[in-house]
Amino acid sequence: MNQSLRDASAASAELQHILATRAVSTRFQPIVNLRTGCTLGYEALSRGPEGSALFSPTELFEQAEASGQLMTLEHLCRETAIASAVQYAIQDHLFLNITPTVIEDPAFQTGLTQKVLAEHGLTPQQIILEITERSAIYNFNAFRRSIDHYRRQGFGIAIDDAGAGYSSLQAIAELNPDYIKIDRSLIAGVDQS
């Protein structure tokens with residue numbers, strides 16, 4: 001077996017172990033209103049186990065997608081983030097990343113996030129679903145229907161990293177998000193240019 005196959009096999013086994021043992025953790029990054037200096041909310045950032053080849057969210061989610069386990073990983077990360085937010089008594093908005101392909105997956109089950117929120121005493125009004133740039137949205141009509149379903153339940157919607165990856169102006173126009181998070185590459189050095 002060549003090295004790349006051994007590496008892929010090891011990464012797949014590591015992912016299965018992470019999913020089976022629920023070995024993800026959440027870091028919280030504050031989102032600050034620049035006018036007031038007040039914290040608006042916290043983005044939940046998922047990580048694999050410390051020291052693991054899948055510690056990085058990029059590696060973790062790429063392996064999950066390659067293994068057909070993206071939806072399973074996203075549900076685990078969402079549950080862990082909600083439980084951690086309660087543990088840390090976060091009262092502000094909680095921004096949870098969601099990949100477009102997960103919402104469009106035929107096996108996607110509505111109501112799971114609502115159930116987890118209810119178990120932890122949170123409401124949809126406290127949650128902002130942040131559409132990530134990991135994959136493109138191919139059917140805006142179907143995706144918008146899914147997003148509208150979440151909106152009717154009280155969830156807020158954000159577009160993450162606008163201007164980078166697959167986060168396009170079309171996504172902003174089609175989805176009418178409550179928040180737009182501009183990619184750092186577009187604003188770095190803006191005070192000098």
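Me: What volume of space lies in the largest pocket?
Reply: The model is a predicted one. Its largest pocket is lined by 36 residues. The space in this largest pocket comes to about 1,200 Å³.

Me: Which residues lie nearest the centre of the largest pocket?
Reply: By class, the lining has 17 nonpolar, six polar and 13 charged residues. Of the 36 lining residues, those nearest the centre are Q29, E43, D160, D161 and K181.

Me: Which strand supplies the largest share of the lining of the largest pocket?
Reply: Several elements each supply at least two residues of this lining, including helix 2 (57-66), helix 3 (70-87), strand 1 (25-32), strand 2 (39-47) and strand 5 (156-162). Strand 3 (93-98), strand 6 (179-182) and helix 8 (184-187) also each supply at least two. The largest share is six residues, and the element that supplies them is strand 2.

Me: At what angle do helix 2 and helix 3 pack, and what word describes helix 2 relative to helix 3?
Reply: The axes of helix 2 and helix 3 are 7 Å apart, and the angle is about 140 degrees. Angles over 145 degrees would count as roughly antiparallel, and 65 to 115 as roughly perpendicular. The angle of the pair therefore makes helix 2, relative to helix 3, oblique.

Me: How many nonpolar residues are in the contact of helix 2 with helix 3?
Reply: From helix 2, the residues in contact are L60, F61, A64 and E65. They meet L70, L73, E74 and C77 in helix 3. By class, the contact has two charged residues, no polar ones, and a nonpolar count of six.

Me: How many cavities of 30 Å³ or more does the structure hold, and what volume has the largest cavity?
Reply: The structure holds two cavities of 30 Å³ or more. The largest cavity is lined by A85, I90, D92, L94, L122, Q126 and I127. Its lining has five nonpolar, one polar and one charged residues. The volume of the largest cavity is about 40 Å³.

Me: Which helix gives the most to the lining of the second largest cavity?
Reply: The second largest cavity, with a volume of about 40 Å³, is lined by H75, R78, E79, I82, L112, T113 and V116. Helix 3 and helix 5 (112-119) each supply at least two of the lining residues. With four residues, the helix that gives the most is helix 3.

Me: Is R22 buried, partly exposed or exposed?
Reply: R22 is found in the loop between helix 1 (3-21) and strand 1. Its phi is positive, near 55 degrees, in a residue other than glycine. Because its relative accessibility is 47%, R22 counts as partly exposed.

Me: What is the phi of A89?
Reply: A89 is placed in the loop between helix 3 and strand 3. Although A89 is not a glycine, its phi is positive, at about 55 degrees.

Me: What pattern does the chain follow along the sequence?
Reply: The chain has eight helices and six strands. Read along the sequence, they follow the pattern α-β-β-α-α-β-α-α-β-α-β-α-β-α.

Me: Among contacts between residues at least 6 apart in sequence, what percentage join residues at least 24 apart?
Reply: The chain has 193 residues, and buried residues make up 40% of them. Among contacts between residues at least 6 apart in sequence, the share joining residues at least 24 apart is 66%.

Definitions and conventions:
Residues are numbered from 1 along each chain as its sequence is written. This is a predicted model: local features need pLDDT of at least 70, side-chain atom pairs count only at pLDDT 80 or more; totals for chains, interfaces and linings use all residues. Side-chain values use heavy atoms; hydrogens and water are left out. On a 1 Å grid over the protein atoms alone, a cavity is a set of points where a 1.4 Å probe fits but cannot get out, and a pocket is an open set with protein on both sides within 12 Å along at least five of seven lines; lining residues have an atom within 4 Å of a point. Grid points are joined across faces, edges and corners, and a volume is the space filled by probe spheres set on the points. Ala, Val, Leu, Ile, Met, Phe, Trp, Tyr, Cys and Pro count as nonpolar, Asp, Glu, Lys and Arg as charged, and the others, Gly among them, as polar. Axes are lines fitted to C-alpha atoms, for helices over the stretch in contact, and angles run from 0 to 180 degrees between N-to-C directions. Angles under 35 degrees count as roughly parallel, over 145 as roughly antiparallel, 65 to 115 as roughly perpendicular and the rest as oblique. Contact means heavy atoms within 4.5 Å. Buried means under 20% relative accessible area, exposed over 50%, partly exposed in between (1.4 Å probe, protein chains only).
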